[in-house]
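Dear colleague,

I am handing over the structure that we talked about, and I would ask you to keep it open while you read the notes that follow it.

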Amino acid sequence: MKIYDYLLNTIRSKGAAYLVLLDPDKLSNSKITPFIRHCKKSGVDGFLIGGSLMMSGDLDSFIENVKVETALPLIIFPGSINQISPLADAILFLSVISGRNSEHLIGKHVTASPLIKRAKIEPISTGYILIESGVTTTAVYMSGSLPVPRNKPEIAAATALAGEYLGMKFIYLEAGSGAQDSVPDEMVKAVSEECSIPIIVGGGIRTPQLARKKVDSGASIIVTGNFFEDENNWDMIKDFASAIHHKLPIEV
Ligand code: 1GP
C-alpha cells in the first residue's frame, strides 16, 4: 500500500494520525532502539525523519538503524535536498507556499526530483505553510521567507486552498520545531473549513491536550518532535497517541 493511502486509512479509522519526528542530529544512536520501541508500543502511526541541518553523520545509516526496530512508515521530512534516501518509504515533497522564495517554492524541487525518482521513494506533495510562532524558528530562517502572521487565519486558509488547487495532497501548518506557541486553533479551524485535503499540524505541541485541541479544530495528522528529546517524557507518548486517536476506544 502506498504511504499516502496508509495515512488516509489511518485518519479514517482512528480519527487522526500521529507521527513522531526523528531528527538524526538530536537522537543519538544509542537511543534509537529504546525510543522506537517506546513509540511502537504507544500507538504511534509512523515517523518523519529529517532535520534542518544534519550536522551529524549519515542519513542512510540512521534510517537503517530505525528500520531494524519498526515496520511503521518512515517518511523523510527534508530540511534540504541532501536528505533523500532510498531506505525511506516516502518523502514529504514540501513546497513552502507561505513564502515567496522561489528556491523553496520550486527551485530545490527541480534538483531533488530526479534523485527521488532514482531512490524509488514515494513523493507526497505537501503545501508547507510556516506560521509565526513567537520567535524566529529555524524553518523560517532557513527558508528565507516570512511566516503567516498568527492573527491572520484567513491568509493561512487562502494559502492552503491555493495549495489544494495546485494539486497538493496535504497541507502542513508549521509553527516550527520547539516553537514557543503552536499553530492557533482558530487558524487550524479556518484552514480545515476552507479546504478539503488533510491538514498536518506541528511545532510546539507539548501536551496531549494541545494535540487534541488541534484535532478538534480540524487537524488530521499531528507531529511532535522536540518534546521527546527528554527521555523523561517518553511515558507520555501513549497519552499523545490516545488524545489524537479520538475514534479509537479509550484503553483502561
Ligand atoms: C514538526 O516541527 C515540528 O512540524 C516538530 O515540532 O519539535 O516543536 O514538536 P516540535
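**What was found**

Asp-216 is exposed, with a relative accessible area of 55%, where exposed means over 50%, buried means under 20% and partly exposed lies in between, worked out with a 1.4 Å probe and protein chains only. Its partner is Arg-212, which is partly exposed at 32%, and the two form a salt bridge in which the closest N and O atoms are 3.1 Å apart; the term stands for a side-chain nitrogen of Lys or Arg within 4 Å of a carboxyl oxygen of Asp or Glu. Because Arg-212 and Asp-216 are four residues apart in helix H8 (residues 208-217), about one helical turn separates them.

Before going on, please note that this is a predicted model, in which local features need pLDDT of at least 70 and side-chain atom pairs count only at pLDDT 80 or more, while totals for chains, interfaces and linings use all residues. Residues are numbered from 1 along each chain as its sequence is written, and side-chain values use heavy atoms, with hydrogens and water left out.

**The chain as a whole**

The protein chain has nine helices and eight strands, which are DSSP runs numbered from the N terminus (helices are H or I with at least four residues, strands are E with at least two). A compact globule of 252 residues would have a radius of gyration near 18 Å, and the 17 Å of the protein chain agrees with this; the radius is taken over C-alpha atoms, and the globule rule is 2.2 Å times the number of residues to the power 0.38. Buried residues make up 52% of the 252 residues, and the C-alpha trace spans about 45 × 40 × 35 Å along its principal axes.

**Salt bridges**

A search of the whole structure finds nine salt bridges. One of them joins Asp-45 and Lys-14, with the closest N and O atoms 2.5 Å apart. Asp-45 lies in the loop between helix H2 (29-42) and strand E2 (46-49) and Lys-14 in helix H1 (residues 3-14), so this pair ties together parts that are 31 residues apart in sequence. Asp-45 counts as buried at 1% relative accessibility, whereas Lys-14 counts as partly exposed at 21%.

Another salt bridge is formed by the side chains of Glu-229 and Lys-26 (3.9 Å, N to O), and it links distant parts of the chain, since Glu-229 is in the loop between E8 and H9 and Lys-26 in the loop between strand E1 (17-22) and H2, 203 residues apart.

**Aromatic rings**

Rings of Phe, Tyr and Trp (its six-membered ring) pair if their centres lie within 6.5 Å, and planes under 30 degrees apart count as stacked, over 60 as edge-to-face and the rest as tilted. By this rule the count comes to ten aromatic pairs. Phe-77 and Tyr-128 form an edge-to-face pair, 5.9 Å centre to centre with 85° between the planes. Phe-77 is in the loop between strand E3 (74-76) and strand E4 (90-96), and Tyr-128 is in strand E5 (residues 122-130), 51 residues apart; both are buried.

Phe-228 and Phe-240 also form an edge-to-face pair, at 5.4 Å and 75°. Tyr-18, Phe-35, Phe-227, Phe-228, Trp-234 and Phe-240 form one aromatic cluster.

With kind regards
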